[in-house]
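Here are my notes on this model, point by point. Please read them beside the coordinates.

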Amino acid sequence: MSKNQTPSEASTQFLLRMYLWLQIWCHVFSGLLILFLCFPFIGQEAKNRHIKNWSVRLLGIFRIRLRVIGEAILPATPILLASNHISWMDIHAINAFKPIRFVAKSDVAAWPIFGWMAKQLGTVFIKRDSARHGKQVASEVSRVLKNDSVCIFPEGTSTVGDGVLPFRPNLFESAVIAQAPVFSLAITYKSIETGLRSVAPAFIGDMGLLESMANILRSPGLIVELTFLPPSGASPSASSDRKWLALHSQEAISALLKGNQPPM
């Protein structure tokens with residue numbers, strides 16, 4: 001209980017938090033039921049509707065509003081989408097806009113419940129600091145890009161969102177192989193009240209998933225802003241240089257993030 005709270009206010013806050021946790025686990029359970037009972041028997045379009053609806057509801061439970069900028073530039077054909085990475089919530093924010101397949105670090109596969117769910121949703125897992133495995137995954141992602149768009153987080157880890165770490169070029173090879181254009185995505189979390197960047201959703205260091213969820217619940221009234229950025233040049237044709245693709249994407253996202261206000 002804070003110094004300025006009465007016992008009644010503290011009790012109300014506690015009950016509200018318990019109610020939100022109950023909502024979260026009921027929602028997770030509903031997602032598991034959908035994966036078990038529906039996904040084996042429905043097509044991809046129906047799966048995408050379930051994924052989008054589930055993700056929209058998850059953002060609502062955490063009281064996060066979605067704002068999408070620049071979506072009109074996205075083509076109907078498959079793309080490789082390179083994004084900065086702040087939180088486990090990033091994936092659900094993107095899926096709340098439009099479901100897409102992801103490449104994630106292998107640690108995610110071991111997460112209870114969420115890891116299993118990620119596998120069922122077609123996530124491709126990559127071992128960190130393994131160049132050989134990275135090449136294998138690039139080859140696998142290139143095959144996926146023939147039919148579906150794929151999102152990657154080429155920083156290799158998550159940050160507080162005030163900048164961008166160097167992008168690893170390995171996975172950009174998949175776009176070269178598949179001759180798919182590379183679009184960039186800048187993700188930012190902000191306070192609705194102040195408009196300033198919020199670090200509450202950041203999933204960094206040795207933070208556990210439950211700890212991160214609690215941080216978000218303690219910071220109600222957030223906006224997750226997805227800003228889509230076009231490929232370099234007048235045409236979205238694919239470059240044959242993965243290092244150039246990685247550097248361009250990194251610089252485009254970094255330039256946009258620098259225009260945001262400092263953290264609250």
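1. Terms and provenance. Contact here means heavy atoms within 4.5 Å. This is a predicted model: local features need pLDDT of at least 70, side-chain atom pairs count only at pLDDT 80 or more, and totals for chains, interfaces and linings use all residues. Residues are numbered from 1 along each chain as its sequence is written, and side-chain values use heavy atoms, with hydrogens and water left out.

2. Overall make-up. The protein chain has eight helices and seven strands. Helices (H or I, at least four residues) and strands (E, at least two) are DSSP runs, numbered from the N terminus. Of the 264 residues in the protein chain, 46% are buried. Buried means under 20% relative accessible area, exposed means over 50%, and partly exposed lies in between (1.4 Å probe, protein chains only). Take the contacts between residues at least 6 apart in sequence: 78% of them join residues at least 24 apart.

3. Thr 227. This residue sits in strand 7, which covers residues 222–229. Is Thr 227 buried or exposed? Thr 227 counts as buried, at 7% relative accessibility. Setting aside residues up to four places away in sequence, Thr 227 touches Ile 69, Ser 184, Leu 185, Ala 186 and Leu 256.

4. Lys 190. This lysine belongs to strand 6. Its relative accessible area is 15%, so Lys 190 is buried. Which side chain does Lys 190 meet in a polar contact? The partner is Glu 225, at 3.5 Å. A polar contact is a pair of N or O atoms within 3.5 Å; within protein, one must be able to donate a hydrogen and the other to accept it, and residues adjacent in sequence count only if both atoms are side-chain atoms.

5. Helix 8, geometry. Helix 8 runs over residues 242–258. Its 17 residues should span 24 Å at 1.5 Å a residue, and the end C-alpha atoms are 24 Å apart, so the two agree. The expected span is 1.5 Å times one less than the number of residues. Asp 241 caps the N-terminal end: a side-chain oxygen of Asp 241 lies 3.0 Å from the backbone nitrogen of Lys 243.

6. Helix 8, faces. The buried residues are Leu 245, Ala 246, Ser 249, Gln 250, Ile 253, Ser 254 and Leu 257. Why do the buried residues line one face of helix 8? Seen down the axis, they fall within an arc of 155 degrees, so they line one face of the helix. The arc is that of the directions from the helix axis to the C-beta atoms. What covers these buried residues includes strand 2 (80–83), helix 6 (173–178), strand 6 (182–191) and strand 7. Turned away from the buried side, the other face carries the exposed residues Ala 255 and Lys 258.

7. Helix 2. The 18 residues of helix 2 (residues 44–61) should span 26 Å at 1.5 Å a residue; the end C-alpha atoms are 26 Å apart, which agrees. Buried in helix 2 are Ala 46, Ile 51, Trp 54, Ser 55, Leu 58, Leu 59 and Ile 61. Just after helix 2, Arg 63 takes a positive phi of about 55 degrees.

8. Trp 21. This tryptophan is in helix 1. Trp 21 has a relative accessible area of 19%, so it is buried. Leaving aside neighbours within four places in sequence, Trp 21 is in contact with Leu 210, Met 213, Ala 214 and Leu 217. Trp 21 and Ala 214 are 193 residues apart along the chain, and their C-alpha atoms are separated by 8.9 Å.

9. Aromatic pairs. Rings of Phe, Tyr and Trp (its six-membered ring) pair if their centres lie within 6.5 Å; planes under 30 degrees apart count as stacked, over 60 as edge-to-face and the rest as tilted. The count comes to five aromatic pairs. Phe 36 and Trp 116 are stacked, at 4.8 Å centre to centre and 25 degrees between the planes. This pair links distant parts of the chain: Phe 36 is in helix 1 (residues 7–37) and Trp 116 in helix 4 (residues 114–120), 80 residues apart. Phe 36 counts as exposed at 52% relative accessibility, and Trp 116 as partly exposed at 30%. Phe 167 and Phe 172 are also stacked, at 6.4 Å and 25 degrees. Both Phe 167 and Phe 172 are buried.

10. Cysteines. How many disulfides does the structure hold? The number is zero, where a disulfide is a pair of cysteine sulfur atoms within 2.5 Å. Cys 26 is partly exposed, at 45% relative accessibility. Cys 38 is partly exposed, with a relative accessible area of 27%.
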